[in-house]
Amino acid sequence: MGTTPTPSGRPSRRQVLACAAGLAAAGAVTGYAWHRLGSGVSGGDFSNPGGDFSVPTGGFRFEHHAAPARTVVRAADGRVLATFTDGARTALLAGPTRTWSEPRTTGAEVRSGAWVRLMGGPWTRGKERTAWFREWFPKALADRSPDALAVAFQYGDGADDRHTRSGLRYAGKAHFGPLVPGQSPTSFHYRDEKSDFYDYLGTPWTFPDGTRRHPEKERYGDVDCSGFMRLVWGYRLGYPMHATNSPGIGLPRRAYAIASRAPGVLLIPNTGRPPADISLLLPGDLVFFAIDIGRPHGIDHCGIYLGPDTNGHPRFYSSRSRANGPTMGDLAGRATLDGHGFYAQGLRMARRL
């Protein structure tokens, strides 16, 4: 995978912005991960397929809820069409049901009518009365370009390589990191962390504060768990990022810093134990784990919540060392948030960007 020549320089800011807009609208995912686009959702459950999804042209009803503060949009027939959370930029929209799968590592699938879009700014109560919303919302409901979930799966099993016009590979099967000498293949440290989105891309990156980071050649095509979040939300979807783990604008570098310092809404705080209730989670939420056996109380892993799988278990997607890249599968621990599995017992926090 490292044989593709890496670009010699960083794109201009204009090129980056144009690329981000173009990448978000790139063609549909093919191959292993997302293999069906089917019927829509019914009622208020994004995870259960219903009849064919049709985009209403009006008659929207808006409900305001608390804990967290959010606006739920319903069609005139009562269907839930969207959820907007105060302080978060992610919009959960209803649409045709898609099926996410990874047969190499799990027999479970996630069938969901949830589409996760990133708005230009955080939601506030009453925004539904603005001219912007009245124009944007019907278009967003009808939009079938890749959303956050589809973009994430462009780096999983069977994902085809995608290139910009200048030849930069911006998507395709990602790996986790280089092998760590002396580590057993059964170790969670078999592959090294420290691979950020610019390592996957193989191009230098200058952050808004002027900090410039250079990729390591041996990490080309690699991205660790937090780097994967930055690749999807930051590079592909345009969410702000910075180079450190200190407070700043947008997504910091490491999982623990994203959990505690990223913008958005903290849904589940860290009590040092698995949360008793995860019912607040919606597809697209970030979930955080303490899974390092040597440091069981520190946040050291993160992923994207997908929703309930076909067995009824809440499943997530993340880049993992043992799986050597992004996965929704059960290699070296079930990728579910309930029960007594490795990741379920390591779950500590959740955040909605």
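Reader: Why does Cys225 count as buried?

Author: The relative accessibility of Cys225 is 3%, and buried means under 20% relative accessible area, with exposed set at over 50% and partly exposed in between (1.4 Å probe, protein chains only); Cys225 therefore counts as buried. This is a predicted model, in which local features need pLDDT of at least 70 and side-chain atom pairs count only at pLDDT 80 or more, while totals for chains, interfaces and linings use all residues. Residues are numbered from 1 along each chain as its sequence is written, and side-chain values use heavy atoms, with hydrogens and water left out.

Reader: What makes the pair of Trp100 and Phe153 stacked, edge-to-face or tilted?

Author: Rings of Phe, Tyr and Trp (its six-membered ring) pair if their centres lie within 6.5 Å; planes under 30 degrees apart count as stacked, over 60 as edge-to-face and the rest as tilted. By this rule the count comes to 26 aromatic pairs. The rings of Trp100 and Phe153 have centres 4.5 Å apart and planes at 20°, so the pair is stacked. Trp100 lies in strand β5 (residues 90-101) and Phe153 in the loop between α3 (148-152) and β7 (162-163), so that the pair links parts of the chain 53 residues apart; helices (H or I, at least four residues) and strands (E, at least two) are DSSP runs, numbered from the N terminus.

Reader: And what makes the pair of Trp123 and Phe133 stacked, edge-to-face or tilted?

Author: Here the ring centres are 5.6 Å apart and the planes stand at 65°, so the pair of Trp123 and Phe133 is edge-to-face. Trp123 is in the loop between β6 (109-118) and α2 (131-142), whereas Phe133 is in helix α2 itself. Trp123, at 1% relative accessibility, counts as buried, and so does Phe133, at 2%.

Reader: How do you know how the buried residues of α2 are arranged around its axis?

Author: In α2, Phe133, Phe137, Ala140 and Leu141 are buried. Seen down the helix axis, these buried residues fall within an arc of 90°, so they line one face of α2; the arc is that of the directions from the helix axis to the C-beta atoms. An α-helix has 3.6 residues a turn, so residues three or four places apart point the same way. On the other side of α2, Ala131, Arg134, Glu135 and Lys139 are exposed.

Reader: What makes Ser321 buried or exposed, and which residues does Ser321 touch?

Author: Ser321, in the loop between β14 (314-320) and β15 (325-327), has a relative accessible area of 8% and is therefore buried. Leaving out residues up to four places away in sequence, Ser321 touches Phe176, Phe188, His189, Tyr190 and Arg191, where contact means heavy atoms within 4.5 Å.
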